[in-house]
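Biologist: Please take me through the labels on this model. I want the value behind each one.

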Amino acid sequence: MRVERFRGSHEENAPPDLKTHEEDRTWRWVASEEGRPVATAILHTRPDQRRFLQFDGAKEARATLAAAAAEVAGDVYVSCAGDEEALYRSIGFVTEIEWDEFEVSFHAALASLRAAHPARRVTLLPARHVDPQRLFALDNAVRSRVPGTDNWEGNWAWFEDELTDPAAYLVAVDRTTGDYCGLARIWRNAGGPRFGLIGVTAGSDRRVGPYLLRCVLEQAATWGYPAFTAETATSNRWIHGRLGKLSARRLGTRFQMVHRA
């Protein structure tokens with residue numbers, strides 16, 4: 001298999017959670033067999049400054065493409081399924097984050113939150129009713145505390161798109177100070193509800209998080225689906241343990257891996 005690096009614009013191929021930079025336009029590789037292209041890899045810089053490879057084409061060419069990229073592109077990241085982890089490890093990648101994905105019934109999740117009551121002085125508002133600039137800052141702060149997305153700086157264009165997506169999306173606001181102190185969202189995807197993100201600011205009332213979670217789950221439960229999917233790092237023992245107990249089944253494991261320069 002032959003791998004070549006070539007130039008070209010790739011914005012039209014960028015997935016929604018990635019952003020591109022002018023300097024990334026040269027970071028593209030193509031794998032060929034008998035003179036025929038079979039797969040490509042493009043390097044994108046995510047808002048946390050991690051540079052991820054996006055693959056297209058033959059799955060069996062991914063490791064070869066990743067090895068070629070790792071030779072010249074500095075720190076290179078891939079996201080892969082559990083059955084691919086050993087292959088990437090064999091070419092020098094190491095695991096940064098390991099996630100498990102669960103399917104959880106709304107009934108079980110809401111039953112576990114029966115005692116989640118409103119925090120004093122805190123109001124929950126739909127995301128579309130709050131200041132988007134301040135929500136953007138809160139979103140960045142929350143994502144920066146999630147393992148695997150630390151140093152997240154955000155992308156305004158994609159953040160605006162998120163606000164137009166159908167979702168259960170709530171923001172916690174301190175009525176006394178006006179500060180935004182937490183957020184939670186569940187995406188209404190074509191394949192069913194998917195838990196997106198939850199987080200509160202440091203020093204917030206400890207009741208804010210559970211109540212946010214209960215309220216977004218109550219909203220998403222009205223969509224007509226019996227369950228939602230959620231993923232969490234295996235290193236997050238408390239949340240991982242709770243999801244494991246609540247879930248009807250575990251859907252699989254994914255890895256975020258990096259090849260260091």
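Predicted model: local features only at pLDDT ≥ 70, side-chain atom pairs only at ≥ 80, totals over all residues.

Biologist: Why is α4 called roughly perpendicular to α5?

Modeller: The axes of α4 (residues 132–143) and α5 (residues 156–164) cross at roughly 105°. Angles of 65 to 115 degrees count as roughly perpendicular. Therefore α4 is roughly perpendicular to α5. The two axes come within 11 Å.

Biologist: Which residues of α4 and α5 meet?

Modeller: From α4, they are Pro-132, Gln-133, Leu-135, Phe-136, Asp-139 and Arg-143. From α5, they are Trp-156, Phe-159, Glu-162 and Leu-163. By class, this contact has 6 nonpolar, 1 polar and 3 charged residues.

Biologist: How do you know that β3 and β4 pair?

Modeller: Pairing needs at least two bridges. Strand β3 (residues 36–45) and strand β4 (residues 51–57) are joined by 7 bridges, so they pair. They run antiparallel. Thr-40 has Asp-56 in β4 as its bridge partner. The hairpin has 5 residues between the strands, and Gln-49 takes a positive phi near 70° there.

Biologist: What makes Cys-181 a cysteine in no disulfide?

Modeller: A disulfide needs two cysteine sulfur atoms within 2.5 Å. For Cys-181, the nearest cysteine sulfur is that of Cys-215, 13 Å away. That is beyond the cut-off, so Cys-181 is in no disulfide. The structure as a whole holds 0 disulfides.

Biologist: Why do Cys-80 and Cys-181 count as buried?

Modeller: Buried means under 20% relative accessible area. Cys-80 has 0%, so the label holds. Cys-181 has 7% relative accessibility, so it counts as buried too.

Biologist: Why is Ala-63 called buried?

Modeller: Its relative accessibility is 10%, under the 20% cut-off, so Ala-63 counts as buried. Ala-63 is found in helix α1. Other buried residues of α1 (residues 62–72) include Leu-65, Ala-66 and Ala-68. After α1 comes Gly-74, with a positive phi near 75°.

Biologist: Leaving aside neighbours within four places in sequence, what is Ala-63 in contact with?

Modeller: Ala-63 is then in contact with Leu-87, Tyr-88 and Ile-91. Ala-168 is another matter: its C-alpha atom is separated from that of Ala-63 by 38 Å. The two are 105 residues apart along the chain.

Biologist: What makes Glu-34 exposed?

Modeller: Exposed means over 50%. Glu-34 has a relative accessible area of 86%, so it is exposed. Glu-34 lies in the loop between β2 (28–33) and β3. Its phi is positive, about 55°, although Glu-34 is not a glycine.

Biologist: Why is Arg-121 called partly exposed?

Modeller: Its relative accessible area is 47%. That falls between the 20% and 50% cut-offs, so Arg-121 is partly exposed. Arg-121 sits in the loop between α3 (106–112) and β7 (122–126). Its phi is near 75°, a positive value in a residue other than glycine.

Biologist: How do you know that Pro-118 is partly exposed?

Modeller: Pro-118 has a relative accessible area of 44%, so the in-between label applies. Pro-118 lies in the loop between α3 and β7. Neighbours within four places in sequence aside, Pro-118 is in contact with Arg-207 and Tyr-211.

Methods
Residues numbered from 1 in each chain as written. Heavy atoms only, no water. Axes fitted to C-alpha atoms, helices over the stretch in contact; angles between N-to-C directions. Helix = DSSP H or I, 4+ residues; strand = E, 2+ residues; numbered from the N terminus. Parallel < 35°, antiparallel > 145°, perpendicular 65-115°, else oblique. Contact = heavy atoms within 4.5 Å. Nonpolar A, V, L, I, M, F, W, Y, C, P; charged D, E, K, R; others polar. Buried < 20%, exposed > 50% of the residue type's maximum accessible area, 1.4 Å probe, protein only.
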